[in-house]
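This report is meant to be read with the sequence and the 3D view at hand.

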Amino acid sequence: MKDIDWKNYGLETQAIRAGQRRTHEDEHSLPIFATSSYVFKNAEEAALRFTGQKPGNIYSRFTNPTVNAFQERLALMEGGERCLAFASGMAAIFAVGMGLLKAGDHVVCSRGVFGNTVLLFQNYFGKFGVETDFVDLIDADAWEAAIKPNTRFLFLETPSNPLMEIADIGLLAKMAHKHGCLLIVDNCFCTPVLQKPFALGADIVIHSATKYIDGQGRCVGGAVIASNDLIEKSIYPYLRTGGATMSPFNAWVFLSGLETLAVRMKAHCDSAFELAKWLTQCPGVNKVHYPGLPTHPQHELALRQQTHFGGIVSFELQGGKDAAWKLIDATEMISITANLGDVKTTITHPATTTHGRLTPEVRKLAGIDDGLVRVSVGLENLEDIKGDLARGLSS
Ligand SMILES: *Cc1c(COP(=O)(O)O)cnc(C)c1O
């Protein structure tokens, strides 16, 4: 196979071709290396590989060719230097904390991040003497006011779940660097097809590959992308020791997921945009949260920062929780599940599921209305998706 510098190719090409090293079998599709360990030619070679003086595989907790291919491909697509794959998105976030934080450090985190991320920082890193302050994603002044001399990094997701609020990555990156800390962006909702956080100044990008990267709801996985230096010094040593490794089978599924990511994302976004516009016309719908709508408070920012507006739409029903549950229960095709980023459309009631563990006051502060419904728009026929929702809207 020719040694091609995939940096010179477009994202769609990288997604399909980068990271593959063809073996002596001349296979066209990338194989799954189902092996836990690797064989050395002699004792000296074993010793050299263990010290890192000679490159090569050692043990699949930290070196596996299928996983390596996934890492190389995703790093290129994000425009980052190095990627490490993990067993889940949460394992990736945990690895960043384990690699970068020590007792006495401080973190500033968006209030609107994935629920388990909040619990991880608050309950687990908190237990080891790391303090986290949570701020409003879109309030730049609040971010700056929360930064302390011992702040190690700022952590956010944009767009946020489920309200689709958008943070200015470039502005927060500058702010982080001014104060000597790092900016970490969980890019799960956008994927590199819609948003490139490194190009805007972010230092670390996180993925839950479970969502759009798989795209068909099969496997759980995650990734951390960062500079060579950060990966070498802080993240890789933790992965090698901590062991929350991605399995070669899952890496193989995610590799094929990446191959269709660009076309899928565009189709998800087109349908979501149409659905959002349609929902604004529907009786009983008070408010539609979608960055593509000119009424969205950060519409201009979304236009600047993203190539498309995303595949998630949320909306508030006049009738509160009863109306939301009625709508959800009246669907016959759409899956009632909290997962997202699937070719199958999914629907969820945040106030009683993903955000159900919050107190009513905290939920209100987070802007989660009892009538709020979140839809991850899939790739079924759009008229069928509308029809399934219309049933519950008129009931
Ligand atoms: C799902 C999700 C995670 C966690 O990923 P898992 O693969 O489920 O561990 C993290 N961040 C965001 C934005 C998510 O949606």
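## A324 in helix 13

A324 is part of helix 13, which covers residues 320-330; helices here are DSSP runs of H or I with at least four residues, strands are DSSP runs of E with at least two, and both are numbered from the N terminus. The model is a predicted one, in which local features need pLDDT of at least 70 and side-chain atom pairs count only at pLDDT 80 or more, while totals for chains, interfaces and linings use all residues. Residues are numbered from 1 along each chain as its sequence is written, and side-chain values use heavy atoms, with hydrogens and water left out.

With a relative accessible area of 0%, A324 is buried, where buried means under 20% relative accessible area, exposed means over 50% and partly exposed lies in between, using a 1.4 Å probe and protein chains only. Apart from neighbours within four places in sequence, A324 is in contact with L317, H349, D370, G371 and V373, contact being heavy atoms within 4.5 Å. The C-alpha atoms of A324 and L100 are separated by 41 Å, and the two residues are 224 residues apart along the chain.

## Helix 7 and its ends

Helix 7 comprises residues 169-178, and I169, G170, L172, A173, M175 and A176 in it are buried. These buried residues pack against helix 6 (140-146), strand 4 (151-157), strand 5 (182-186) and helix 12 (299-305).

At the N-terminal end, helix 7 is capped by D168, a side-chain oxygen of which lies 3.3 Å from the backbone nitrogen of G170. After helix 7 comes G180, which has a positive phi near 75°.

## The ligand site

The residues around the ligand are S88, G89, M90, F114, E157, D186, C188, S208, T210, K211, V220 and G221, a residue being near a molecule or strand if one of its heavy atoms lies within 4 Å of it. This shell divides into four nonpolar, five polar and three charged residues, with Ala, Val, Leu, Ile, Met, Phe, Trp, Tyr, Cys and Pro counted as nonpolar, Asp, Glu, Lys and Arg as charged, and the others, Gly among them, as polar.

A nitrogen atom of the ligand is 2.6 Å from an N or O atom in the side chain of D186, while one of its oxygen atoms is 2.9 Å from a polar backbone atom of M90. An oxygen atom of the ligand also lies 2.6 Å from a polar side-chain atom of T210. Taken alone the ligand exposes 380 Å², of which the protein buries 92%; the areas come from the Shrake-Rupley method with a 1.4 Å probe, and for residues only the protein chains shown count as cover.

The unreviewed UniProt entry places the feature "modified residue: N6-(pyridoxal phosphate)lysine" at K211; UniProt positions are given in the numbering used here, feature names are shortened, and annotations may be inferred rather than shown by experiment. K211 sits in the loop between strand 6 (204-208) and strand 7 (222-226), and K211 counts as buried because its relative accessible area is 12%. Not counting residues up to four places away in sequence, K211 touches F114, C188, N339, L340 and G341.

Y212 is found in the loop between strand 6 and strand 7, and Y212 is buried, with a relative accessible area of 0%. Beyond four places in sequence, the contacts of Y212 include C188, F189, L340 and G341.

H289 belongs to strand 8 (residues 285-289) and counts as buried at 10% relative accessibility. Its side chain makes a polar contact of 2.8 Å with the side chain of E316, a polar contact being a pair of N or O atoms within 3.5 Å; within protein, one must be able to donate a hydrogen and the other to accept it, and residues adjacent in sequence count only if both atoms are side-chain atoms.

M164 lies in the loop between strand 4 and helix 7 and has a positive phi near 55° although M164 is not a glycine; at 0% relative accessibility, M164 is buried.
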